[in-house]
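Biologist: I have a new model to go through, and I would like the cut-offs spelled out as we talk. Please put it on the screen.

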Amino acid sequence: MKKNKQQKKVLFASSEVYPFAKTGGLADVSFGLPKAMSTLFDVSIIMPMYKSIDKKRFNIKSKGISFDITLGEKTYCVEVCSTVYEGIKCYFVESKILSNKKHIYGTPENGYKDNDLRFGLFSKAVVAFIKESKNYDLLHLNDWQSALCALFVKEDKNIRTKTIFTIHNLAYQGVFSKKTLARIGLSKDYYNMDDLEFYGDVSFMKAGIAYADAITTVSPNYAREILTAEFGCGLEGFLQKHKNKLSGILNGVDTSHFSPKTDSALVQNYNAKSYAKKRVNKEAYLKERGLEDSELPLFVFIGRFTWQKGVDLFIESLRQLSKLKINIAILGDGESKYHNQIKLLSAKHKNIDIHFGYDEALSHRMYASADFLLMPSHFEPCGLNQLISMSYGVIPIVNSVGGLKDSVHPFSDYDAKQNYGYGIRFNSKEKNALLKSVKEAMELYKNKELFEEINTHNISCDFSWASSAKSYALLYNTLTKKRL
Ligand code: ADP
């Protein structure tokens, strides 16, 4: 991107950024949002350097900047590397404890024991980098892994950079034992309800909420939900205290990575006008995965096998779903109890296909092949799958929570004039809700004309970052104006 001296300088800090490291939607947002903002602001990204990142492939080079960062009694040497990806300057914080592990955070069941030190170090290094660079107007923080930056910025009276903290998922808070304060070298004065203390432990998430100048979360509905006991994960009271600086802005999709028109992972590209060509993808996919009869509607589930994603509800219904005249394809990875149950069911039913693991290209082919996406999440801060699916002409079937409620409108209210996507919403608290919705989807599938009209309408809608970037720009400008 061309730099303009008048533009405000923004540093976007995240623990995962697509395509360098990704475990979920945070990575997609952490590239898509800064890229969208880069037309209005001078935006760079900063993230940890992980062992899994291919330095050669991304041309990541040392910047010749290094710091000694002290956490408690230990001092760590940190080096900053950088590259430019799709016009965006990306910085990487490299240090032994952060960069020498196989996984980003740990296994799906357990995070690494020294994640407090790893992300405490990352956060302190980001703030040291800001201080060294001197001219950042704004630091945009994301989730607990960079939340401590807000505290380190507030502690240093010489730093005038403003901070925004975005909550992508309140269920992951970075909670560690009380000893973490000493391990990181933070004053024990922080151990109280108004600061970092959380039910006898210490919460990194609380640092972002308490000390950032503004808090956002990834959908307006989730911004309301997290103020309640049902969705607040124990932080509802704390969030209510800080609610004057909280707002919800819906995520977008990075259309340069997710567009059926240009996606290089697809067998056949298509758009709303050439929607009929989508079928080529479905046929190729069924063949590839050994599923039969392309006349049957194809339902897909793509995501992490965790309670959040409603995998328990999905498994509960799967036996009955398998008896319907449909095909079901699953792509995902996660907790082994879910893994085993799904494996058993798919072995018994030839209309259920399962692919364990993380496979970006396969996920794109599934979006291009499916007729319906199943998303029975118990809670969903925003959700990207439903946005991607609608932009690929796949009707989402979603539980009516969080960003799913904001972004998927019931097809029974279909109005071609509206620029929003349509799908099927259910309430998971009602008995057999998912099964009933799948039957409703089968009826819709039989009505070829309406099915096609809704899909072509959805493909034509704008799910890009364009409108959300405007809301972030307003916030960025308001915050940085206060400095004058
Ligand atoms: P999360 O809570 O996991 O962040 P989101 O809906 O916000 O959920 O984003 C999920 C992103 O990760 C989407 O881009 C989705 O396609 C992708 N994804 C999830 N699981 C897999 C997988 N097993 N293989 C490939 N992509 C996946």
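Modeller: Let's start with a definition: buried means under 20% relative accessible area, exposed over 50%, and partly exposed in between, with a 1.4 Å probe and protein chains only. This is a predicted model, where local features need pLDDT of at least 70 and side-chain atom pairs count only at pLDDT 80 or more, while totals for chains, interfaces and linings use all residues. Residues are numbered from 1 along each chain as its sequence is written, and side-chain values use heavy atoms, without hydrogens and water.

Biologist: Thanks! What is the relative accessible area of K154?

Modeller: K154 meets D213 in a salt bridge at 3.1 Å, N to O; the term asks for a side-chain nitrogen of Lys or Arg within 4 Å of a carboxyl oxygen of Asp or Glu. D213 is partly exposed at 24%. K154 is partly exposed too, because its relative accessible area is 39%.

Biologist: How many residues apart are K35 and D254?

Modeller: Their side chains form a salt bridge at 3.5 Å, N to O. K35 counts as buried because its relative accessibility is 16%, and D254 does so at 12%. K35 sits in helix α1 and D254 in the loop between β12 and α9, and the two are apart by 219 residues. Helices (H or I, at least four residues) and strands (E, at least two) are DSSP runs numbered from the N terminus.

Biologist: Which residue is linked with K22 and D28 in a network of salt bridges?

Modeller: K22 and D28 are both buried, and their side chains meet at 2.9 Å, N to O. The network that holds this pair also takes in E360.

Biologist: How wide an arc do the buried residues of α9 cover?

Modeller: Those residues are K278, N281, K282, Y285 and L286. They lie on the same side of α9, because their arc around the axis (directions from the helix axis to the C-beta atoms) is only 130°.
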